[in-house]
Amino acid sequence: MKNKIVCHFSAAQADQPIVYHLVKDHDLVVNILKANINPQKEGFLVIEVEGSKKNYEGGLAFLHEVGVTVEPLSETILWDEEICIQCGACASFCPTAALSIERESMLVGFDNTKCVVCGMCLDCCPTRAINLYFEVREAV
Amino acid sequence: MAVQKTYEEINEKIRRGEAVVVTAEEVIGIVAEKGIEKAAREIDVVTTGTFGPMCSSGAFINFGHANPRIKMKKVWLNGVEAYGGIAAVDAYIGAAQLPENDPENKVYPGRFTYGGGHVIHDLVAGKEIRLEAIAYGTDCYPNKKVESVITLNDVNEAFLFNPRNAYQNYNCAINLSDRTLYTYMGILKPRVGNASYSTSGQLSPLFNDPHYRTTGIGTRIFLGGGIGYVAWNGTQHHPNVPRSEQGIPLGGAGTLALIGDLKQMDPNWLVGLSYIGYGATMAVGIGIPIPILDEEMLRYAAVRDEDIVCPIVDYSEQYPYNKPMDLGYANFKDLKSGRITINGKEVVTTPQSSYPRARQIANILKEWIKNGKFEITRPVAPLPGADADIVFKSIPPNRG
């Protein structure tokens, strides 16, 4: 199975090699999509985790054990078709072609399942039709 | 026999609802199938369209008088300054103007989330706009301060007057440096990470009338979702540049100054834009009809993306510091495909102008003409053409 999750951690967990353990001990493929850590060493990590169901659940149990709060990542980038003027500038910045141009019609489309929430599209959209809905909770 | 049609004959057909109108995209296939002469006999009007950022746009507004009367010295609409150095309650709101307290590029790159273009969009959308004005007070205009809320319905006149729109061709922007650039051509990734372009190519008005034969002063057009007119040549109009065999300029050339009543326009076709690190501006929708007077006009109107090239320009050194550089040309068909090749490297292309919206404009204008709502116009006077001897001037170096 494959899932995108948000891991919130506090200063106590920031020193631990969490990703190392997910890969080494639980045989998971981990792709870091976004990471943020504040000066107080609290932060969050957005990762895509892939592996067998058993390993995936084992990995989540490990995160829970070390005190990392895990939330599913969903509906994070919202593309507002009403505001979009279909210029297509975003498509050339999207690394996964989640935002893409259908070349015959030159129309822009957004495939949320391909989006890795890198945020590149946010800056290049002149109408601000793309928004990041990303609830970052205080670390526990 | 050669095809000859007059503006009046075409308008007669429009009035009878018999005019044959096609878009600048559709005409390409028709000409390929039927040939120039047969198609020229059949087609009366070809419609064009473009929808992209055009900073040199703005609107004149007359607010009507306050009681007591005021001679506005400074005017703000939603905090964005409009130029008040004209008669008492007249002002000009420019698309690229920023609010007084905008952080600009102090925290680089700035966001520029609101500006004059957004004010114009909000006005046309019927939204309430905060009006503030200050004055020094005179015997005839004693009022020194006005603060109110207005809508487009509350003002006497509001008309768009855009000094430079519909640029005939434009640069394809790249970045040769090692850092990301934030420009009016959008974000340019370092080491030629992308190539940004802004034109609707085969749909673009002045590519379909490259010598301004039917587009001139007084030409009735689609402007901002309503009806507008060509007022003059635009600023930086420079028609005497190198051209292809078909007459297509190989770089920026002709421009148009456009005018039209804001009160009959549509917010879908005047949209405020925010260019990160650069500023605020406005996307303007323009569509110009090309009457097919003869075969020559049809040959022009049948121009294809592959016939159009634009110069590749570096925005790290060449453009900002006027450094001579020859980086070649990009073909518009390739630009639209999403990738072009520069010095053997494949580069992703970034459009700034909306092709789907340009196509929509050409189709709307087509319907207007077919339904007899919109007639074509013979220009009152021509624009300076390719044989003009216009010299492109620059500001003289500091003469302190």
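Predicted model: local features only at pLDDT ≥ 70, side-chain atom pairs only at ≥ 80, totals over all residues.

Modeller: One of the residues concerned is I37(A), whose bridge partner in β3(A) is G43(A). Helix α3 (residues 53–65) of chain A packs on the sheet, where the helix touches β1 (2–9), β3 and β4 of chain A. The direction of α3 makes about 5 degrees with that of β1(A).

The sheet itself is open and consists of 4 strands in the order β2-β3-β1-β4 (chain A), with antiparallel pairing. Its edges are formed by β2 (29–37) and β4 (69–72) of chain A, each of which pairs on one side only. On average, neighbouring strands of this sheet are turned by 25 degrees against each other, direction ignored.

As for the whole chain, chain A contains 4 helices and 8 strands, and along the sequence they follow the pattern β-α-α-β-β-α-β-β-β-β-α-β. The C-alpha trace of chain A spans about 50 × 35 × 20 Å along its principal axes. Of the 140 residues in chain A, 46% are buried. Among the contacts in chain A with a separation of 6 or more, 67% are between residues 24 or more positions apart. The accessible surface of chain A amounts to about 7400 Å², and carbon and sulfur atoms account for 52% of that surface.

Technical notes: Residues numbered from 1 in each chain as written. Chains lettered and ligands numbered in written order. Heavy atoms only, no water. Helix = DSSP H or I, 4+ residues; strand = E, 2+ residues; numbered from the N terminus. Buried < 20%, exposed > 50% of the residue type's maximum accessible area, 1.4 Å probe, protein only. Contact = heavy atoms within 4.5 Å. Areas by Shrake-Rupley, 256 points an atom, 1.4 Å probe, with all protein chains shown as cover. Pairing = 2+ DSSP bridges. Axes fitted to C-alpha atoms, helices over the stretch in contact; angles between N-to-C directions.
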